[in-house]
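Here is a short tour for anyone meeting this structure for the first time. Have a look at the sequence and the model, and then read on.

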Amino acid sequence: MTDNQSSLQTLTQILGASWITQGIWVASELGIADLLVNGPLTAEDLARQTKTHGAALYRVLRALASVGIFAQDAQGRFSLTPHASLLRSDVADSQRPFAIMMGAEFHKAWGELLHSVQTGEGGFQKTFGKPFFQYMLDHPMRHGIYDAAMGEFGRVETQEMLEAYDFSAFQTVVDVGGGSGMLLEAMLKRHPEIRGTLFDLPAVVERARSFISGSGLDGRFRTEGGDFFSSVPAGADAYILQHVIHDWEDGEAITILRNCREAMRSDSRVLLVEMVIPAGNGPFFGKWLDLMMLLVGGRERNEEEYRQLFSAAGLKLNRVIPTASEVSIIEGIRAS
């Protein structure tokens, strides 16, 4: 194979990657992996249970089996593979919510990337007629899927973050925009001396309460509904924001950070958990995540850009602590 043929083959595979995403999305929306827990089934069996077209569903599953998502046997039945098992709803590391998020609304928004590049405007808003977070508030079931997806996405990096940073110096922590509360739960279980507050929009906090009620942390884990563009709970030792600031352009990000500064004591810390874009041409997932954030009106940033955000909010970037995952902890203090 010539170098040109090899490059062509590689580029063709890359160009077809979105097709695989769509196939995984369809299987995830239909709950195919859950239906295969007890053993192989034919596409016709699965179609009856999902109320879909058998021949069409077969074609999707056959294509997915060709890349290791499901397997087809000689009798034409489909079964789970290790990859497909991660699309089950009942496994600890379930990727079903993430697959739905990436294949549904976000996939449509990616079709407007050229519009975003030409105008700087969010492709999501052009597609759906409203900003991303307003769309989520108007569609609570989809918002729940999004929260679950981000929770699973952050589960591994949360453990790496807790290894990289010593939280034992804090007695009170506010998780600003904390979604389901997964991060705060992990922190409190690791550090029995800490009391935590999950702060998010009232509707988000309401969904999180059922999760918290089964955590065994009721005495140390409280919730508070509100809007971080207006204020955040005052007087905590630390304010942690995991993948929150990347959701917003600079003006909104500065407002959030300024409200954290106003709530902080002189010795408090603000801790951002974000992907810090490195210099150079090397591969880094955050560079691609940044394009998704472009579509929804946010951005990933490098260290200097975070330093400028902190300064504009009356904070000082104290240090950046890398973790074993691709996220870093960006620590800020009140500027003197």
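## The second largest pocket

In this predicted model, the second largest pocket holds about 650 Å³ of space. Its lining is made up of 33 residues, and those nearest the centre are Phe 133, Gly 177, Gly 179, Asp 200 and Asp 247. Several elements give two or more residues to this lining: the helices α11, α12 and α13 (182–190), plus the strands β4 (172–176) and β5 (195–200). The top contributor is α12, with eight residues.

What is the lining of the second largest pocket like, in terms of nonpolar, polar and charged residues? It splits into 15 nonpolar, twelve polar and six charged.

## A helix tucked inside

Let's stay with α13 for a moment. Seven of its nine residues are buried, so α13 is largely enclosed by the rest of the structure. The buried ones are Met 182, Leu 183, Leu 184, Glu 185, Ala 186, Met 187 and Leu 188.

## The largest pocket

The largest pocket has a volume of about 1100 Å³. Of the 33 residues lining it, Ala 17, Thr 21, Met 102, Trp 110 and Phe 285 are the closest to its centre. Among the elements that give two or more residues here are α1 (3–15), α2 (17–30), α7 (96–103) and α8 (105–110). The largest share, six residues, comes from α16.

As for the make-up of this lining, 26 of the residues are nonpolar, six are polar and one is charged.

## Aromatic rings

Now for the rings: the whole structure contains 16 aromatic pairs. Take Phe 132 and Tyr 146, whose ring centres sit 5.0 Å apart with the planes at 70 degrees, so this pair is edge-to-face. It links distant parts of the chain, with Phe 132 in helix α11 and Tyr 146 in helix α12, 14 residues apart. Phe 132 counts as buried at 4% relative accessibility, and Tyr 146 counts as buried at 12%.

Phe 228 and Trp 248 make another edge-to-face pair, 6.4 Å centre to centre and with 90 degrees between the planes. Phe 228 is in the loop between β6 (221–225) and β7 (238–242), while Trp 248 is in the loop between β7 and α15 (250–263), so the pair ties together parts 20 residues apart in sequence. Phe 228 is buried at 14% relative accessibility, and Trp 248 is buried with a relative accessible area of 17%. Both pairs belong to one aromatic cluster, which also includes Phe 106, Phe 124, Phe 128, Phe 133, Tyr 135 and Phe 229.

Technical notes: Residues numbered from 1 in each chain as written. Predicted model: local features only at pLDDT ≥ 70, side-chain atom pairs only at ≥ 80, totals over all residues. Heavy atoms only, no water. 1 Å grid on protein atoms, 1.4 Å probe; cavity = no way out; pocket = protein on both sides within 12 Å on 5 of 7 lines; lining within 4 Å. Points joined across faces, edges and corners; volume = space filled by probe spheres on them. Helix = DSSP H or I, 4+ residues; strand = E, 2+ residues; numbered from the N terminus. Nonpolar A, V, L, I, M, F, W, Y, C, P; charged D, E, K, R; others polar. Buried < 20%, exposed > 50% of the residue type's maximum accessible area, 1.4 Å probe, protein only. Phe/Tyr/Trp six-rings, centres within 6.5 Å; stacked < 30°, edge-to-face > 60°.
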